[in-house]
Amino acid sequence: MWAFNQEELAIAVRGSRIPVVSAVGHEIDVTICDMAADFRAPTPSAAAELLVAEKEALSNRLNDLKGRLFALMRQQGNHRSQVLEKLKRRLRDPRKRLADAWIRLDEVQQRLTRLMLLALHHKRMALDAKINVLRINSPLGMIASGKQNLDFQKASLIRAMETKLRGLQMNRSLLEKGLNDLNPRAILKRGYAIALGLPEKRILKEASDVFQGDQVMVLLGEGRLTCRVETSEPDSGLSLLDKTLIVRG
């Protein structure tokens, strides 16, 4: 009996697409195979009786359904035949209806043509009246006067724009000259220099900001110099031309 408790057998029974009836041992014996099967019979004999009985019942049920289906099909066929006969008797010749439709279409076409001609006549009369009004109140004179006024305003605007443009160009020239005069490079080109303490590159304003041996960078009008301070003399009341900063390249 232990073979029917194996996991592999239980998995195979459970995965079968065909229904499985388990009838192992006697009624008091229960195996894992019994629990995995679709149905469990107490004994093999009981399983055989169950299967034979089920087959006969299914066969009888199938024959009964087959007979009922054939009877229903015959009934539906007879009913549809009767409905078709009634429809055939009620069906009229379509050529008569088509001829009547053509007659009505001709009548509608004639009425529509008359209405369109009448509406077109009224529209033409209204258009002629508006054309006469436009001829009487022609805007050609107003257009000529407006064009002359527009030309005068255009010429005035051009003159004003040219005057404004000349003023702006003059202001621009003055501003450019002022910027050039304030440009540090222009000042340097006049013979001045800027001393920067190294390595921070801070601008030196007093001789006391550096000591002997410090390196300084001197910016000139063209290029720069890296120098070492030999002496540093604070302001001693001498004139600007007498003050000197002795450096060695």
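Modeller: The model is a predicted one. Its chain contains six helices and seven strands.

Colleague: What pattern does the chain follow along the sequence?

Modeller: The order is α-β-α-β-α-α-α-α-β-β-β-β-β.

Colleague: Which strands does strand 5 join through bridges, and how do they run?

Modeller: Strand 3, residues 194-197, is joined to strand 5 by four bridges, and the two run antiparallel. Within this pairing, G197 has V216 of strand 5 as its bridge partner. Strand 5 is also joined to strand 6, by five bridges and again antiparallel. Here M217 has T226 of strand 6 as its bridge partner.

Colleague: How many residues lie between strand 5 and strand 6 in their hairpin, and which residue there takes a positive phi?

Modeller: Four residues lie between the strands of this hairpin, and G223 adopts a positive phi near 90°.

Colleague: How should I read the nonpolar cores?

Modeller: The general idea is that in soluble globular proteins nonpolar side chains tend to be buried together. In this model, the largest nonpolar core comprises seven residues: A195, L204, V210, V216, V218, C227 and V229. Strand 5 (215-219) and strand 6 (224-229) are the elements that each give two or more residues to this core. Another core lies apart from it and has five residues, including A10, C33, A36 and A37.

Colleague: How much of the chain is buried?

Modeller: Of the 249 residues in the chain, 9% are buried. The accessible surface of the chain is about 22,000 Å², and carbon and sulfur atoms account for 61% of it.

Colleague: What share of contacts joins residues at least 24 apart in sequence?

Modeller: Counting contacts in the chain between residues at least 6 apart in sequence, the share is 22%.

Colleague: Which residues form a nonpolar patch on the surface?

Modeller: V21, F39 and L51 form such a patch, with about 250 Å² of accessible area together. F39 belongs to strand 2, residues 39-40.

Colleague: Why does F39 count as partly exposed?

Modeller: The class of partly exposed residues lies between the cut-offs of under 20% for buried and over 50% for exposed. F39 counts as partly exposed because its relative accessibility is 42%.

How values were computed:
Residues are numbered from 1 along each chain as its sequence is written. This is a predicted model: local features need pLDDT of at least 70, side-chain atom pairs count only at pLDDT 80 or more; totals for chains, interfaces and linings use all residues. Side-chain values use heavy atoms; hydrogens and water are left out. A nonpolar core is a set of buried Ala, Val, Leu, Ile, Met, Phe, Trp, Tyr and Cys residues joined through side-chain atoms within 4.5 Å. Buried means under 20% relative accessible area, exposed over 50%, partly exposed in between (1.4 Å probe, protein chains only). Contact means heavy atoms within 4.5 Å. Accessible areas come from the Shrake-Rupley method with a 1.4 Å probe; for residues, only the protein chains shown count as cover. Two strands pair if DSSP finds at least two bridges between them. Patches are made of residues with over 30% relative accessible area and no salt bridge: like charges are joined within 9 Å, nonpolar side chains (Val, Leu, Ile, Met, Phe, Trp, Tyr) within 5 Å. A salt bridge is a side-chain nitrogen of Lys or Arg within 4 Å of a carboxyl oxygen of Asp or Glu.
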